[in-house]
Amino acid sequence: MANCKNCGRTLTADEIGLTQKMINRGATEWMCITCLSKFFSCDEELLLKKIEEFRALGCMLFSKKK
Ligand SMILES: [Zn+2]
């Protein structure tokens, strides 16, 4: 299982997907949504919306909702 490179928290598949989508598709280090929001100086809420947007677009990096 992957961990956040900043705070060490265990990451979800969505957080890994979001890092790849927003920073680098080939990233081998990922950040949790809290650290990503700090990195981009935005709200976690906004990133959660982004995840939903990417999922709605059928992006392969995000697992489908069951
Ligand atoms: Zn983190």
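Colleague: Is glutamine 20 buried or exposed?

Modeller: This is a predicted model, in which local features need pLDDT of at least 70 and side-chain atom pairs count only at pLDDT 80 or more, while totals for chains, interfaces and linings use all residues. Residues are numbered from 1 along each chain as its sequence is written, and side-chain values use heavy atoms, with hydrogens and water left out. Glutamine 20 lies in helix H1, where helices (H or I, at least four residues) and strands (E, at least two) are DSSP runs numbered from the N terminus. Since buried means under 20% relative accessible area, exposed over 50% and partly exposed in between (1.4 Å probe, protein chains only), the 15% of glutamine 20 makes this residue buried.

Colleague: Which residues does glutamine 20 touch, not counting those up to four places away in sequence?

Modeller: Contact means heavy atoms within 4.5 Å. With residues up to four places away in sequence set aside, the partners of glutamine 20 are Arg25, Ala27, Trp30 and Leu61.

Colleague: How many of the ten residues of H1 are buried?

Modeller: The buried residues of H1 are Asp14, Glu15, Ile16, Gly17, Leu18, Thr19 and Gln20, and they pack against H2 and H3. H1 is therefore largely enclosed by the rest of the structure, the number of its buried residues being seven.

Colleague: At what angle do the axes of H1 and H3 cross?

Modeller: Axes are lines fitted to C-alpha atoms, for helices over the stretch in contact, and angles run from 0 to 180 degrees between N-to-C directions. The axes of H1 and helix H3 (residues 44–56) come within 10 Å, and the angle at which they cross is roughly 85 degrees.

Colleague: What does that make H1 relative to H3, and which residues of H3 make the contact?

Modeller: Angles under 35 degrees count as roughly parallel, over 145 as roughly antiparallel, 65 to 115 as roughly perpendicular and the rest as oblique, so H1 is roughly perpendicular to H3. From H1, the contact is made by Asp14, Leu18, Lys21 and Met22, and from H3 by Leu47, Lys50, Ile51, Phe54 and Arg55.

Colleague: Which residues does leucine 47 contact, leaving aside neighbours within four places in sequence?

Modeller: Leucine 47, placed in helix H3, is buried with a relative accessible area of 1%. Leaving aside neighbours within four places, its contacts are Leu18, Met22, Ile33, Leu36, Ser37 and Cys42.

Colleague: What is the relative accessible area of methionine 31?

Modeller: Methionine 31 is found in the loop between H1 and H2, and among its contacts beyond four places in sequence are Cys4, Leu11, Glu15, Thr19 and Phe39. Methionine 31 is also buried, with a relative accessible area of 3%.

Colleague: Which protein residues are the donors of the zinc ion?

Modeller: Donors are N, O and S atoms within 2.8 Å of the metal (3.2 Å for Na, K and Ca), and water is not among the atoms, so sites may look incomplete. The donors of the zinc ion follow the spacing C-x2-C-x24-C-x2-C along the chain. They lie 2.2 to 2.3 Å from the ion, each through its SG atom, and are Cys4, Cys7, Cys32 and Cys35.

Colleague: How many residues apart are cysteine 4 and cysteine 32?

Modeller: Both cysteine 4 and cysteine 32 are buried. The pair links distant parts of the chain, with cysteine 4 in the segment before helix H1 (13–22) and cysteine 32 in the loop between H1 and helix H2 (33–39), and their separation in residues is 28.

Colleague: What is the arrangement of the four donor atoms around the zinc ion?

Modeller: Four donors count as tetrahedral if all angles lie between 85 and 135 degrees; four count as square planar and six as octahedral if opposite donors are over 155 degrees apart and all others between 65 and 115, and anything else is irregular. Here the angles subtended are 104 to 117 degrees, which makes the arrangement tetrahedral.

Colleague: What is the phi of serine 41?

Modeller: Serine 41 has its place in the loop between H2 and H3 and counts as exposed at 67% relative accessibility. Although serine 41 is not a glycine, its phi is positive, at about 50 degrees.
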